[in-house]
Structure formats: C-alpha cells, structure tokens
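Here is a predicted model to read strand by strand. Keep the sequence beside it while following the text.

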Amino acid sequence: MQFPDDRQYHADHLWAQQRPEGVWRIGITDYAQEQLGGVIFVDLPEAGSAFAQGASCASIESVKVTSDALMPVSGEVTAVNPALADAPELCNTDPYGEGWLVEVRRTAPEEGGALTAAAYAAQVQA
C-alpha cells in the first residue's frame with residue numbers, strides 16, 4: 001500500500017492535499033479502497049456545499065458495502081470529480097490521482113486531526 005508524503009491523512013481513511021490558491025483536494029486512501037473492494041458508484045455533493053471535519057461528504061458504494069466518506073478537513077466544496085460519474089472504479093485504480101472525490105476551500109485551517117503519511121501507515125498496518 002502507498003501513502004504519499006505530500007498530503008495529510010485522517011483516521012477515517014481520507015486524505016487531503018493542498019493545491020494552488022488555498023484549495024484542498026480530498027480522496028480515499030489506498031487502504032480504504034482495498035477495504036471497500038470494487039467501487040461501483042460514488043454519490044458526490046454539489047459545489048457550494050459546506051461540511052465540517054468528520055461529516056459525511058460523499059457516499060461510496062462498492063461490491064461489498066456502502067460507506068460514507070468523512071471530511072478530513074472543514075470546508076466548502078469548490079469542485080467535484082466529474083470522472084467518477086462514468087468511472088467510479090478510479091477510486092480503486094488511482095486513489096491518489098484521478099480517483100479524487102472533491103476539492104474544498106478550508107474554513108477552519110487551524111483545526112487538528114491530521115496525520116502524517118507515516119502515522120497513518122502505522123495506524124492501518126498495526
């Protein structure tokens with residue numbers, strides 16, 4: 001499993017990566033996609049929706065289970081990944097790239113709860 005160092009991780013198996021102009025891209029981790037199995041549908045929020053850290057921002061349906069994606073950071077959704085409508089399996093095949101879920105503008109940059117890649121890896125591999 002991979003856990004790139006260029007992003008923050010949340011205990012609920014999502015990552016957040018800072019992008020240009022203060023936007024953060026959010027997606028599921030490699031561990032999460034492996035636990036879910038084959039993703040067959042992703043229900044994403046509308047741009048403009050706001051979520052607190054830990055709130056459900058998306059629903060991910062796999063061959064095994066339907067799971068809520070919990071926001072790793074508080075923010076307002078600025079974009080959703082349109083590719084997931086036709087290719088939800090991108091969550092499995094490229095969770096850190098083309099399989100991202102949403103982009104948000106953080107509303108509480110001082111909030112804690114983020115894990116480094118090493119801390120997250122230790123948590124899921126324990």
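Begin with the hairpin made by S1 and S2, which has four residues between its strands. His13 sits in that turn with a positive phi of about 75°. Strand S1 covers residues 8–9 and runs antiparallel to S2, joined to it by two bridges. Gln8 has Ala16 in S2 as its bridge partner.

Strand S2, residues 14–18, is mostly covered, since four of its five residues are buried. S2 also pairs with strand S3 (residues 23–28): the two run antiparallel and are joined by five bridges. Here Ala16 has Ile26 in S3 as its bridge partner. S2 and S3 form a hairpin with four residues between the strands, and in this hairpin Glu21 takes a positive phi near 60°.

Next comes an open sheet of three strands, in the order S4-S6-S7, with antiparallel pairing. Strand S4 (39–43) and strand S7 (66–70) stand at the edges; each has a single partner strand, so one side of each is left without a neighbour in the sheet. On average, neighbouring strands of this sheet are turned by 25° against each other, direction ignored.

Within this sheet, strand S6 (residues 56–62) pairs with S7 over five bridges in the antiparallel sense. Glu61 has Thr66 in S7 as its bridge partner. The loop between S6 and S7 contains Val63. Is Val63 buried or exposed? Its relative accessible area is 63%, so Val63 counts as exposed, the cut-off being over 50%. Together with Ile40 and Phe41, Val63 makes a nonpolar surface patch of about 300 Å².

Conventions. Residues are numbered from 1 along each chain as its sequence is written. This is a predicted model: local features need pLDDT of at least 70, side-chain atom pairs count only at pLDDT 80 or more; totals for chains, interfaces and linings use all residues. Side-chain values use heavy atoms; hydrogens and water are left out. Two strands pair if DSSP finds at least two bridges between them. Axes are lines fitted to C-alpha atoms, for helices over the stretch in contact, and angles run from 0 to 180 degrees between N-to-C directions. Patches are made of residues with over 30% relative accessible area and no salt bridge: like charges are joined within 9 Å, nonpolar side chains (Val, Leu, Ile, Met, Phe, Trp, Tyr) within 5 Å. Accessible areas come from the Shrake-Rupley method with a 1.4 Å probe; for residues, only the protein chains shown count as cover. A salt bridge is a side-chain nitrogen of Lys or Arg within 4 Å of a carboxyl oxygen of Asp or Glu. Buried means under 20% relative accessible area, exposed over 50%, partly exposed in between (1.4 Å probe, protein chains only).
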